[in-house]
Amino acid sequence: MSVSIDVSDLAADGYLFAPSPLAELGSALHLLVEPAHHAQQAGWITASTTQIDPDLMDRVITADYLWRTSRSDMLLPARPKQTLVEELDVLDELDDETWVHTALMTSSCGVVPLREDLGSPLTDDTARRIARERAAARGSRQLDFVDYVLTDPQTARSWLRRLLEDCATGFFNTAWRTVAGRLGVDARHKRDLLARHGLQRTLAAISPAVTLSASGGHIVVDKLQDRTTSSAGTGLTFMPSAFSHPHLLVVHAPGRQPVINYPMLTTPSEPSLSVATVQDRLHALDHPVRLRLLRSIARGPQTTAQLADVWLLTPPEVSRHLAILKKAGVITSTRTGRYVSYELDLPANARLGTDLIQALLR
């Protein structure tokens, strides 16, 4: 599963690397309303929550349809500006139909499938119904907010801009001054990598989950969805973030410039597994015979013959199950003479829960 971006016709100057204050504010708001997903930012979340005015926090929760479960595309600008005010001014220039569409019909997180045939919820009855159903599934307050946007978009737009401006003065400006320099350095580093070493090396530095296809014509982002988009005629924007980990956001809405918002990690971390690898490991464990074999292997190295004898199975049957477990990385093997013994890969299995959660949240 992946989001594939066609870059076959994209020249080097079509790649834009730049931080976005609006995108970083969106990530910060997500942290405040979903703190359980972000252990690495627990200190910032705690400090900020205790300082935010209760009325402001209540307004943040009122509009959390835009940044809780999924991130609104409007918070991920394809052409980042230097200041939040400039980026909000760009949003103000959008007509109501486009503004509502980018606000409510999210593509970046892939929480629900994006319908490419839908127009703006202001004019498309099907899009309107889907937007309201998604909001209703999250709660009555979220539905009230979406209905507010749909029935009075002009007032809702002014209300939201004021909220984002108040968030800036209330807590975000301080955070932005702390991270903006590092984000700018990261963006320049990626731009230099592209110029000197090419796209493949640049993508490797961005995230293990972002790779170049064998043909070199597509950027493939490892996500729990299957989507395709193209950079033709628009370009492609990479935006580093200090607050978005573990989320790797990809804007792939039809007709829009693709955007990849990636977490800039300040400390080394273990590489996250691909969705396919996590699926393989879950499949390998989803069988009673393989679990019985693992029960024995977990207590010490075992050969095929030993496992067959303990569980009253034939050696070929044990071998088939062991091959699946080994291919998935659940066990390892060691040959001593003509004997092959199997051991449990403890680090890999200890991380399985974490790997699954990261794949779901990516």
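The model is predicted: local features need pLDDT of at least 70, side-chain atom pairs count only at pLDDT 80 or more, and totals for chains, interfaces and linings use all residues. Residues are numbered from 1 along each chain as its sequence is written, and side-chain values use heavy atoms, with hydrogens and water left out.

Start with the whole protein. It has 15 helices and 11 strands. These are DSSP runs numbered from the N terminus: helices are H or I with at least four residues, strands are E with at least two. The C-alpha trace spans about 75 × 50 × 45 Å along its principal axes. Of the 362 residues, 50% are buried. Buried means under 20% relative accessible area, exposed means over 50%, and partly exposed lies in between (1.4 Å probe, protein chains only). Contacts count when heavy atoms lie within 4.5 Å. Among contacts between residues at least 6 apart in sequence, 68% join residues at least 24 apart.

Now the charges. Side chains of opposite charge can pair when their charged atoms come close. A salt bridge here is a side-chain nitrogen of Lys or Arg within 4 Å of a carboxyl oxygen of Asp or Glu. The whole structure holds 13 of them.

One joins Arg59 and Asp55, with the closest N and O atoms 3.9 Å apart. Both sit in helix α3 (residues 54-62), and because they are four residues apart, about one helical turn separates them. Arg59 is buried at 17% relative accessible area, whereas Asp55 is partly exposed at 46%.

Another salt bridge joins Asp73 and Arg256, at 3.8 Å from N to O. This pair links distant parts of the chain, 183 residues apart. Asp73 is in the loop between α3 and α4 (84-92), and Arg256 is in the loop between β7 (249-251) and β8 (259-263). Asp73 is buried at 1% relative accessibility. Arg256 is partly exposed at 23%.

Asp92 belongs to helix α4 and Arg161 to helix α8 (residues 153-197), 69 residues apart. Asp92 is partly exposed, with a relative accessible area of 40%. Arg161 is buried, at 15%. Both belong to a network of salt bridges that links Asp89, Asp92, Arg161 and Glu165.

Turn next to the aromatic rings. A pair of rings is described by the distance of the centres and the angle of the planes. Rings of Phe, Tyr and Trp (its six-membered ring) pair if their centres lie within 6.5 Å; planes under 30 degrees apart count as stacked, over 60 as edge-to-face and the rest as tilted. The structure holds seven such pairs.

Phe17 and Phe238 are stacked, 5.0 Å centre to centre with 10 degrees between the planes. Phe17 lies in strand β2 (residues 15-17) and Phe238 in strand β6 (residues 236-241), so the pair ties together parts 221 residues apart in sequence. Phe17 is buried at 3% relative accessibility, and Phe238 is buried at 1%. Ring pairs link Tyr15, Phe17 and Phe238 into a cluster.

Last, look at strand β11 (residues 339-344), which holds Ser341. Ser341 is buried at 17% relative accessibility. Beyond its neighbours within four places in sequence, Ser341 is in contact with Pro301, Gln302, Thr303, Thr332, Ser333 and Thr334.
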